[in-house]
Structure formats: C-alpha cells, structure tokens
Amino acid sequence: MAHGTAVSRDPGRFQALLEISQLIASHRTLEELFRELTPRLRPLFRFQYLALVLCDAEQRMMRIQTLDGQVPHDVQTGYAVPMEDSPSYWALENQQPFIVEDVETDLRFARQSKFLREHGVRSLCAIPLTTPRRRIGAINMGSNEPGAYGPGEIEFAQQVAGQVAVAVENALNYQQAQALQEQVTRERDRLKLLLDVNNAVVSQLSLAELFCAIPASVRTAMQCDAACLSLPDAGGKTLRIHGLDFPDGRGYLQEEGVLPIEGSGPGAAYRQGSPLIFGASPDALHRDAARINAGEGFQSGCFVPLVRGERKLGVLHLLDRRPAAFSDADAEFLKQVGNQVAIALENALRYREIHEASSRLAEERSYLQSEIRREHGFEEVMGESPGLRQALVQAETVAPTGSTVLILGETGTGKELVARAIHQLSARREQIFAKMNCAAIPSGLLESELFGHEKGAFTGAIAQKIGRFELAREGTLFLDEVADIPLELQPKLLRVLQEKAFERLGSTRTLKVETRLIAATNRDLAQMVENREFRGDLYYRLNIFPILVPPLRERPEDIPLLAAHFTDKYARRMDKRINKIPDETMDALKRYHWPGNIRELQNFIERATILTSGPTLQAPLPELRSVNKDVRPRPHTLVEAEREQILRALREAQWVLGGPGGAAERLGLKRTTLFYKMKRLGIARPTP
C-alpha cells in the first residue's frame, strides 16, 4: 500500500495497542486502568504528566479523574476547570486534537497557558475520548519540551484514545452499576433494620411504661417495700432514679432523685457489674443514701446491675424496712431477673435512640433541603488582597484544631464564607454545617432554636423539636450576629461551650454534643462587655481565635475579580452574553467605598446585568456618584478601629513608615512596632 498508518509502520506501537486492548478486558476501575496504562505509553510518547479529564456537563466543568507524572501538588484528582477555560473541552467539543506547540507563543486559553508555564510545561496535547454512545472527556499529555507532539504521535494518540474511551466508558458504567447496587443494598438494610426494630418493640413496652411496670412487678414478687430503676446521666457521674414504686414512702426517696456513682451502693453495683446486698449497717454508703435510709427506715436492700454485653444500662433497686431481707440466693435470682429486665430496657432505650435519631435525621434533611434551596452568593472566597489572604491563612491555621472561632467584620464582607471554609478544611467536613442568624429570630424563640424543646414545653410546642446544637452535634454550628443573643440566654450558651452539655426546653435529660462553634459579629463585643450588654466570660470563651475579614473598601484590588465573577454569574442566569466591563465602569467600582461591601457589589452587578442589552456591561454609575464618597462606616470593633487608625496615618504620611512625619511618629509608635501591627492586621502598601 502507498500509505500506511503510524501503527503499521511501528511494530512497537502495534504491540502497545494490543496490550491496551487486553487492559480494557482486565480492569474495571479507572485508577487500575491508568496505573497500568501509563508505563505502556511512556516509551511511546514524550510527556512529563498524563491526565484523564472527564466532562461534567451538569456543572459545566472539566474534572481531572486520574493523573500520573510530575504534577503540581495543588493539582490532584478532582481538580476542575470551567469548560470555557479548558483545552480538553475544546478537543471534546470539536472532536479533534488540541495541540499547543509552545505555551510561550500560543495565545489561546491564556489562563491555562500561564498555569502551564508556571509549572514548566512547554507543549500540550489534548485528545478527545468519544464512543458511539457518549462524549466522555479527553486525555492530556504535557511535555517540558516545545513541539513534542508531531503528526505521527497525534495519529497514534488518537488510536490509543479510541481504545481508552471504550475502557473508560466501561469503567464509568461499572461504577454507576456499583453505586446503584450499593444504594439498593443500603435501602434493603434500612428496611430490614426498621423491620427488626418493629418486631422487637411490638412485644415490648415503651421506656416510660417499663419504668412503671418493672419496679412494681419486682417489688410485688419479692415482697419488699420499695423498688425503682436508675439510669446513668450523660456525664456518667450520677444515677437518676426512675419508676419509683413505694406505696408507703415518707418522701425521702423521690422519683427523679439523683445519686452519685462514686461512694454509693447503686454506684458500686453499677461499676462492678454484680449485685450488691447491704444490711442494717451498710459500709461506704454515700451520705445522701444514708440519710434516705434513716428517714425511710430502710434496714436492707439489694442493688442489681442491668448489663447487656459490654453495655451497662443501669441498676435495679430493691429496699426493705426489715433487716437482712435479701439473701445470696435472692441476689442470684435477681441477677437472672436483671438479665431479663436488661433485655427489655435495652430494647426500649434503643427504640428511643432510634426515634430520636430519626427525628434528628428528618430535621437535618429539612435543614439541608432549605440550604440547597438557598443561594450562597458565590461558591468560594475570592480575592488576592493582603488583608483577605491574612484572614484565609488564619482560617486555614485554626480549621484542624476544633477550637471556637470568632469572625469579625462589617456586614456583607463574607463572614459566613470564611466559616464554611473553616468547616470544609476541618475533620468535620463530612458532618453537617448548621447556621443561624441570632438577630433574625425573636428572643423568645431563640432558646428553642438553639437547644430544642420537648412536646408541651410551652404553649404552641405541639411536637418535639431538635435544636441547632443537637442538629450539628458532631459538625459545626455557625452563629451569625452572636452579639444579639439575650443576656439571660448567654449562660446556657457558655455551658455548652465549656461542658458540651445542655437540656432541651421542658426536659431534665442532659444531652452531650461535640459541636464546634464559629461565631460572627459586626459589633464591638469588648465595648458591649464594658457596657454590661454582653457577658465577659462568654466573650472570652468566644474570642479564643478572632479572625478579621476586611471590608471591601480596603480590598480595591479584589473588585475587578469579584465584578467579573458576578457579571458572568448573572449573565448566565439571564441567558445573556456579556464579555466586557468598560474601564470607566471598573474605575468607578474601585473608587466607590461600598458601605454594603461584597453584598452591595453583588446586588449592583445584578442590577447592571438586568440593564445590559449588549456584550458590554451597562452599569448605572450615577448611583455610585450620588453617594458621598467621604462617608465611611464607623469601625465596629477595637481591631477594626486600630486598623482604620493605622491606615489613616499611612495615607497621611504617603506610606512612609519611619522618620520625621512618618506614620510611626504620627501614631506615637516605634517603626518596628508599627511594622508588626501592619503584618498582624494584614495591611500592605497598595500596588500602584
């Protein structure tokens, strides 16, 4: 034949295609396929990295699935690039290879070219992955040599891509099938669990009914004077009495009484896991127990632990006014009774736990659905200004610690986005991120929103409600406008932070949580403490790690990026094509002081997008000029006031730090002290 393909001219490449075909049949996952594919391709192509990029049409992103070779640490599996900025999408959309001979001279996809240059890549080849059924993505190869991919390499790469496309499609189909199977298995297991729970509960009494029935039946069978159950409180240091059956009691032994585990007879039985008999002169009884025994005339008793496997559930108490009313044989029999009681009690406790977990999951689902319906404004914190970078560095530092964080800043600066970033960077990222604006909820309902309530706790409480702390029990709770929490509620919030425990309204049961709190405010809490408007102990507990989010007027270099982002966002939503913001518009945006910060900028750009009819943004600039540019919001916190004062002195001194007339002299500070404060507050000289 006059013309032959690159494969027919190169037996090595033909052999490689055969091996790739065998890989398709032997590997189901993308990771396994790529791990085996890379060493077979490395002798045939010049590349420093090889990446499989999949098309996410729903999100309009090109997402790296797997990669191999010399790649920057910040580019890992899951890294995504918008379709419009991706050479891979161009190759997929046009169904032909995208070749960059030299990123130094190729002006297409400027942002990606800059990124490639920064990481030493000189030439790039993106080959589309397509099957008769779907367009999948692309294979990207990058080399540190210009012109690494000629026609022969491209032709062979297309043949490889045809094989790989089939393998990737098979792997994706396999993953989808596995995911579907796992979902079916989970649903089946859930249904089985519900069936098992129903079968167990149907023949058992509820917890409240058990508290009444068990002591009464045991007291009657043993012919003793009093019987009750006690269960450990959440802290594990006390036993709370339930279901007291004591017809002839004098009032010393009361329902819902509390006994310490340490130093009491029931506590000893609970700790040891074996029955304990005491006589007329019991040893080592707690003083409260001795007082009760003397008041009621008890001369003997038996405490039987309720144990199921490794779980200690509580204690069965039997008390009598007769001396030596209980023998060892009675204790052995009561141990068998205790085993049966423990089964019923465990079933009832588990049923209650399942019921509460179901309520909590329903509350979480409702909360998450409401969060999905809400729009967060923009997906990530955007900007390169020194002040913002300082805040983000602080957020990254504190995120893994689990410590309480106080975010300071004016309204509209993006404090919630910083809180979400801290949550996402922490070990709690898989748990729920709950939020609440304390200023948006009436003070009378705030306690119920935070801690929940029981049915009938107050007028209108027609059902049990899970509070935000319980909702985010192992996650993160973001309290915005925390300064608006009433003084009378602040001690309860302080207790949750210190002891990780609280009670719902209308309940005596203590709940333990491991919720991380992130608070935010635009007010000066220190001044509020001085004015007795905020508790000092709560302020010091919240102020463990403060982060100041700078206002937009101190971030003029971030305005072009934010304006472009919002313009693109609203243009897409309104199905418009706006690809230019005039220079005079951008200058006006940068000069304006933005008292409403990012939220005001976002609303202004949305309004401008509505007014725009062509490809150039038509912004209502007179709205900005009509506002007095000299008006500045008053600083809300001491940190903001200090920052504002330093900035004013720097501007007056034309950013000269030391010497006569310098900013340090104007502030009465040493030059080194001023430099330290500027670094701490994220103040840097603006670029000309």
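**Figure legends: overview and close-up views**

**Overview of the protein chain.** The protein chain exposes about 35500 Å², of which carbon and sulfur atoms supply 50% (Shrake-Rupley method with a 1.4 Å probe; for residues, only the protein chains shown count as cover). The model is predicted, so local features need pLDDT of at least 70 and side-chain atom pairs count only at pLDDT 80 or more, while totals for chains, interfaces and linings use all residues. Residues are numbered from 1 along each chain as its sequence is written, and side-chain values use heavy atoms, with hydrogens and water left out. The chain contains 24 helices and 19 strands (DSSP runs numbered from the N terminus: helices are H or I of at least four residues, strands E of at least two). Of its 688 residues, 45% are buried (buried, under 20% relative accessible area; exposed, over 50%; partly exposed, in between; 1.4 Å probe, protein chains only).

Strand β7 spans residues 226–232 and includes Ser230, which is buried at 1% relative accessibility. The side chains of Ser230 and His317 are joined by a polar contact of 2.7 Å (a pair of N or O atoms within 3.5 Å; within protein, one must be able to donate a hydrogen and the other to accept it, and residues adjacent in sequence count only if both atoms are side-chain atoms). Not counting residues up to four places away in sequence, Ser230 touches Leu239, Arg240, Ile241, Leu313, Gly314, Val315 and His317 (contact: heavy atoms within 4.5 Å).

**Close-up of the Arg572–Glu84 salt bridge.** The closest N and O atoms of Arg572 and Glu84 are 3.2 Å apart in this salt bridge (a side-chain nitrogen of Lys or Arg within 4 Å of a carboxyl oxygen of Asp or Glu). Because Arg572 lies in helix α18 (residues 559–573) and Glu84 in the loop between β3 (80–82) and α4 (87–94), the pair ties together parts 488 residues apart in sequence. Arg572 is partly exposed at 44% relative accessible area, as is Glu84 at 36%. A network of salt bridges links Arg60, Glu84, Asp568 and Arg572.

**Close-up of the Lys435–Glu416 salt bridge.** Lys435 and Glu416 form a salt bridge whose closest N and O atoms are 2.8 Å apart. With Lys435 in strand β14 (residues 433–437) and Glu416 in helix α12 (residues 415–424), the pair ties together parts 19 residues apart in sequence. Lys435 is buried, with a relative accessible area of 12%, whereas Glu416 is partly exposed at 23%.
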